[in-house]
Amino acid sequence: MYRNMLDFWQETIKRDSDKTALRHRELSLTFSELDQWSRAIANELYDRFPESQNRPIAVFLPKSPAVYACDIGITYSSNFFSNLDIKTPIERISNILELMKPLAILTDDVHLEVINQIPRNDIPILNISEIPHDPLQRHQKELERRLGSQIDTDPFCIINTSGSTGTPKGVVLNHRSFFDFMQWSFDTFGLDGSEIVGALSPVVFDIYDFELCLMMIKGATIVLLDAELAAFPVKLLEEMQKKEVNFIFWVPTVMVNIANMGLLGRLELPRLKTVWFAGEVFPTKQFNIWKQHFPNTIFANLYGPIEITLDCVFYRVDKDFKDDEPLPIGVPCHNTDILILNTRDQLCQENEEGELCVRGTSLAMGYYNNPEKTAVAFVQNPLNHSYPELIYRTGDIVWRDEEGVIHFKGRKDSLIKHMGYRIELGEVEHVIVNKLKLVSNCCAVYDFGKKQIVLFYEKREDVVAKDIRANLVKVFPRYMVPDRYEEIEELPRNTNGKIDRLKLSNQINSK
């Protein structure tokens, strides 16, 4: 019985000790080298915090082999990791740290100065650049004894996501939920460790966690593709070609750009065997360009919010779709059940639209240090009155066709997926009105056609769009800053006196 991701990892180390685990630029690490580095970090954590267990530890590092070593080392220490985005503004990082109250922050020489500028209420910092790769593993017995007391429902990681009040929510995911998803991926797609993964996603994405688990469990090789390469698709494809990448799991944005630029006909990727995509809608016209160039490649559309470990619904695209025909999101993954509920909390019939709700072991444990928001999102199954059973209400509107295939319709509220990130538009509004006090009223909506966040705001003589944007880039990561600004005399209201978000959304999406 497996209780911890390290049970798989230690089997992989014995089996694939000399195999390449990570490649980044010209650097290459074997599984044994990565394991030794991870154990050294675990030893240091034990030295500093010998009594601490099942506590969050933050990692403030760019995408690099060091992040993998830290995350595995934190797991060795019987704690759980939370990767932070080094490009996120200081105030937002400070909010995350204030809510999470991590045991420590791991960083390196290069980023020590930045983290020291962030208010953190005396949270200790460990500089991994000063940790020797200790081959003696001096605390091995103590660490193994502590790991022996862990169970599969202990946390594996926290993923921070947007929150409506300006403070990100920390989604807690446990080992068991990752076991289930990974086993589904092995059974359904035959993933076996021969994968050479083109890892493009940021370390704060759940896709990163999937890639980490694929490496830990099956011994897949991870090729780290720098985020900057996304802006230079030719170089990105050349790096994939050079490193013989045969598996990718990407957000569609980059894939759309590659298709639009006509690059697939110019650069061959003969080893590309499996392509997964998730995080946002992949326009079928651009998807078809990929499929035409790779007729023997397996393509799969995956769907799932962060509150569901990785993804809960998938569609293997093995038939043709017209350019204007949306791709389905598919059917539930193994050991996951999808309930489509109408406004009366009844199961929808075929072709009837309703909210997608999820039950099963894939559900997150909740939001860290946030019982109020947890209670709102993770609720008792309204179809079950006999015993406690939680479901997660995604807020996504879907429908199921005659064959049982689920199709995505849109959002129920202001939660969107943009550039692969899940964003609570209410957070953008909250910061503009209540924190920065730039305008008295505003409403952020999403233009699904142009994939842009549009901000409507009530006119104010001393504030123009460039002022709002200039202030927002200081507190939000780039992907949360609105792309367009619409000044109006007064925001429309519905019968309850609330801002009519739906009217504004229809206004931009009908153009």
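Biologist: Which side chain makes a polar contact with the side chain of R484?

Modeller: Happy to start there, bearing in mind that this is a predicted model. R484 belongs to strand β26, which covers residues 484-488. At a distance of 3.2 Å, its side chain has a polar contact with the side chain of Q452.

Biologist: Is R484 buried or exposed?

Modeller: Leaving aside neighbours within four places in sequence, R484 is in contact with several residues, among them D447, K450, I453 and I508. Buried means under 20% relative accessible area. The relative accessibility of R484 is 17%, so this residue counts as buried.

Biologist: Which residue stands opposite R484?

Modeller: Let's look at the strand pairing. Strand β25 spans residues 452-458 and pairs with β26 in the parallel sense, over five bridges. V454 is also in contact with R484. The residue opposite R484 in β26 is V454.

Biologist: Good, and which strands stand at the edges of the open sheet, and why?

Modeller: The open sheet has three strands, ordered β24-β25-β26, with mixed pairing. Neighbouring strands in this sheet are turned against each other by 25 degrees on average, direction ignored. Each edge strand has a single partner strand, so one side of each is left without a neighbour in the sheet; these strands are β24 (442-447) and β26.

Biologist: Moving to another strand, which residue stands opposite T274 in β12?

Modeller: Strand β12 (residues 274-277) is covered on both faces: T274 and W276 are buried on one side, V275 and F277 on the other. Strand β11 (residues 247-250) runs parallel to β12 and is joined to it by four bridges. Opposite T274 stands F247.

Biologist: Last one: what volume does the largest cavity have?

Modeller: The count is five cavities of 30 Å³ or more. The largest cavity is lined by 30 residues, and those closest to its centre are N160, V204, F205, I306 and Y421. Elements giving two or more residues to this lining are α4 (90-100), β7 (155-161), α8 (206-218) and β23 (421-424). The volume of the largest cavity is about 380 Å³.

Key
Residues are numbered from 1 along each chain as its sequence is written. This is a predicted model: local features need pLDDT of at least 70, side-chain atom pairs count only at pLDDT 80 or more; totals for chains, interfaces and linings use all residues. Side-chain values use heavy atoms; hydrogens and water are left out. Buried means under 20% relative accessible area, exposed over 50%, partly exposed in between (1.4 Å probe, protein chains only). A polar contact is a pair of N or O atoms within 3.5 Å; within protein, one must be able to donate a hydrogen and the other to accept it, and residues adjacent in sequence count only if both atoms are side-chain atoms. Contact means heavy atoms within 4.5 Å. Two strands pair if DSSP finds at least two bridges between them. Axes are lines fitted to C-alpha atoms, for helices over the stretch in contact, and angles run from 0 to 180 degrees between N-to-C directions. On a 1 Å grid over the protein atoms alone, a cavity is a set of points where a 1.4 Å probe fits but cannot get out, and a pocket is an open set with protein on both sides within 12 Å along at least five of seven lines; lining residues have an atom within 4 Å of a point. Grid points are joined across faces, edges and corners, and a volume is the space filled by probe spheres set on the points.
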